[in-house]
Amino acid sequence: TRDNRERLAAWGVPAHRIELIPAGVDFQRVQRAPRGSDALDIVFVGNLLRNNGIYTFVETLGYLRRQGIPVKAGLVGAGPEEAGLRALAKELGAESAIKFYGQIEDIDQMLSVVKSAKVFIYATAMEGGWSIAALEAQAAGLPVVTVRDGRLGKCEVVVDGYNGLLADREDPTLLGDRVAEILKSDELRARLGRQAVEFARG
C-alpha cells in the first residue's frame, strides 16, 4: 500500500527498491456468488481478534439500536474473542440482533453472507490501510464504513463519499452515525454501492 511504501521510505529503504502492487480480489467470483437468505444490515468478515475492531463493531450495533434503528448484524470469523463478544452483545441487549457465523471455509458461502448485508463495517484502522475483506464487500456492492486512519495506517480502500464513508476515529458513535446515514437513504446506499463495485473492479 502507499502507507507501507511511505513507512519503508521513512526507515531508509531506497525508493527504487520499493514497488507498489495493490492487492485485488476475484471480481467475477464475487459477482457470481448468490445473495444469502439472511437479511443483515451490517457485516464484518475477519478473525475475531481485538485489534480488528470487533468490540467496537458490537458497540456500534448497540449504539444504532439505542437510536431506534433495528439493525441486524453478522460476524463471520473465528477467534479467541467470541465469548467476550457474545457477552458484550448480551450486556448491550443486542444478543438477538447479531449472528455469529464462525469460520466459513467455503468462499462462495461466505460471499453469500456478505451479499445478504447492506453495509460492511471495518471498525478500526486497517493494517497498512488495506483490507481484502473490505474490497470483496465492495465487489459485492456493499458500501464500507471504516476509520480514516490510525496507528496501523491510513485507509486506502475507501474514498469518503464515493465507495463508503469514513469516521475520524475508532468510536462506536462516530461509526454508527456514518452507518445510519447509509441505512436511512436508499439513494445514498445505492450510489455508494455502485461506485464500490467500480472501485473493486479497479
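Which residues are linked in a network of salt bridges? Select Arg148, Asp160, Asp168, Arg178 and Glu181: those are the ones joined up this way. Keep in mind that you're looking at a predicted model.

Now zoom in on one pair from that network. Glu181 and Arg178 form a salt bridge, with N and O 3.0 Å apart. Both sit in helix α7 (residues 172-183), three residues apart, or about one turn. Across the model, the salt bridge count is twelve.

Next, select helix α8 (residues 186-201). Asp186 is exposed at 59%, and Arg189 is partly exposed at 26%.

Stay in helix α8 for Arg201 and Glu198, again three residues apart. Their salt bridge has its closest N and O atoms at 3.1 Å. Here Arg201 is partly exposed at 49%, and so is Glu198 at 42%.

Time to go inside. The largest nonpolar core has 66 residues, and Ile42, Phe57, Leu75, Ile98 and Phe120 have the most contacts within it. Color helix α3 (residues 54-66) too, as this helix gives the most to the core, with seven residues.

Last stop: click Ile98. Beyond its close sequence neighbours (within four places), Ile98 touches Phe57, Val58, Leu61, Ala73, Leu75 and Ala89.

Methods:
Residues are numbered from 1 along each chain as its sequence is written. This is a predicted model: local features need pLDDT of at least 70, side-chain atom pairs count only at pLDDT 80 or more; totals for chains, interfaces and linings use all residues. Side-chain values use heavy atoms; hydrogens and water are left out. A nonpolar core is a set of buried Ala, Val, Leu, Ile, Met, Phe, Trp, Tyr and Cys residues joined through side-chain atoms within 4.5 Å. Buried means under 20% relative accessible area, exposed over 50%, partly exposed in between (1.4 Å probe, protein chains only). Helices (H or I, at least four residues) and strands (E, at least two) are DSSP runs, numbered from the N terminus. Contact means heavy atoms within 4.5 Å. A salt bridge is a side-chain nitrogen of Lys or Arg within 4 Å of a carboxyl oxygen of Asp or Glu.
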